[in-house]
Amino acid sequence: DSFTTEDITEAQYNYIKDYVNNAYKSLKNGNYEDYYEVDSVINYFLLQELFMNIDQDYSSVFFYKPVDGKINYGPVWDFDISIGNANYYDSYGPEMKMKDVNTGSYTFYTLMDYPKFRTAFMNRLSEIEPIVNKMLDSISLNYNIVKDYAKNDDKIWNTLNRSFWPKPANLVGITYYEQLSYIKDYIETHYEYMIENY
């Protein structure tokens with residue numbers, strides 16, 4: 001059996017609509033912990049901010065509410081316009097916050113005004129340092145695995161030397177290795193910036 005929106009009763013619709021509306025209000029009222037699974041929110045926005053994802057809280061956002069549970073963010077997806085890969089912003093570097101680029105997430109930046117949330121976010125950010133370092137190392141390791149495939153891909157599609165949306169000018173005409181170096185430098189620089197400035 002497949003479940004469709006036609007299977008939702010009016011009572012169920014009103015319940016979830018009211019719950020989401022009250023959750024949104026709780027961002028300003030300070031009772032956000034009544035509606036959001038805070039660890040889920042932190043992990044979600046930590047990832048969005050770490051990768052400077054243009055779409056965070058704007059589009060491509062999923063969240064769910066388990067029965068008798070609170071709102072959980074995720075799963076994450078749609079990171080094609082992240083890590084500086086957007087040619088329609090004048091300034092989009094690793095030493096800034098998403099709110100400096102496109103105002104960022106209302107949800108996240110409102111929650112960051114609460115000292116308890118900010119402390120929990122910063123603690124989690126510090127906790128993931130070993131994960132970030134392993135990720136950066138894996139970029140180099142995986143380069144050696146896929147470099148020949150990348151060359152063949154470029155022969156067919158000419159992606160390295162071609163300008164197309166949303167590829168910024170600084171990524172046109174550079175090698176696959178240079179693109180990976182750009183990604184590593186961007187993430188490493190931004191992670192350090194987040195530790196010092198969030």
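1. A pocket here is an open set of points on a 1 Å grid over the protein atoms alone, where a 1.4 Å probe fits, with protein on both sides within 12 Å along at least five of seven lines; lining residues have an atom within 4 Å of a point. Volume is the space filled by probe spheres set on the points, which are joined across faces, edges and corners.

2. The model is predicted: local features need pLDDT of at least 70 and side-chain atom pairs pLDDT 80 or more, while totals for chains, interfaces and linings use all residues. Residues are numbered from 1 along each chain as its sequence is written, and side-chain values use heavy atoms, without hydrogens and water.

3. Among the residues lining the second largest pocket are Phe3, Tyr13, Lys65 and Asp68. By class, this lining has seven nonpolar, one polar and two charged residues (Ala, Val, Leu, Ile, Met, Phe, Trp, Tyr, Cys and Pro count as nonpolar, Asp, Glu, Lys and Arg as charged, the others, Gly among them, as polar).

4. In the largest pocket lies about 350 Å³ of space. Asn85, Lys167, Leu171, Gln179 and Ile183 are the closest to its centre of the 19 lining residues. Helix H7 (176–197) gives the most to this lining, with four residues (helices are DSSP runs of H or I, at least four residues, numbered from the N terminus).

5. Phenylalanine 45 is found in helix H2 (residues 38–50). Its relative accessible area is 0%, so phenylalanine 45 is buried (under 20%, with a 1.4 Å probe and protein chains only). Phenylalanine 108 is 63 residues away from phenylalanine 45 in sequence, yet 6.7 Å apart in space, C-alpha to C-alpha.

Terms used: Helix = DSSP H or I, 4+ residues; strand = E, 2+ residues; numbered from the N terminus. Buried < 20%, exposed > 50% of the residue type's maximum accessible area, 1.4 Å probe, protein only.
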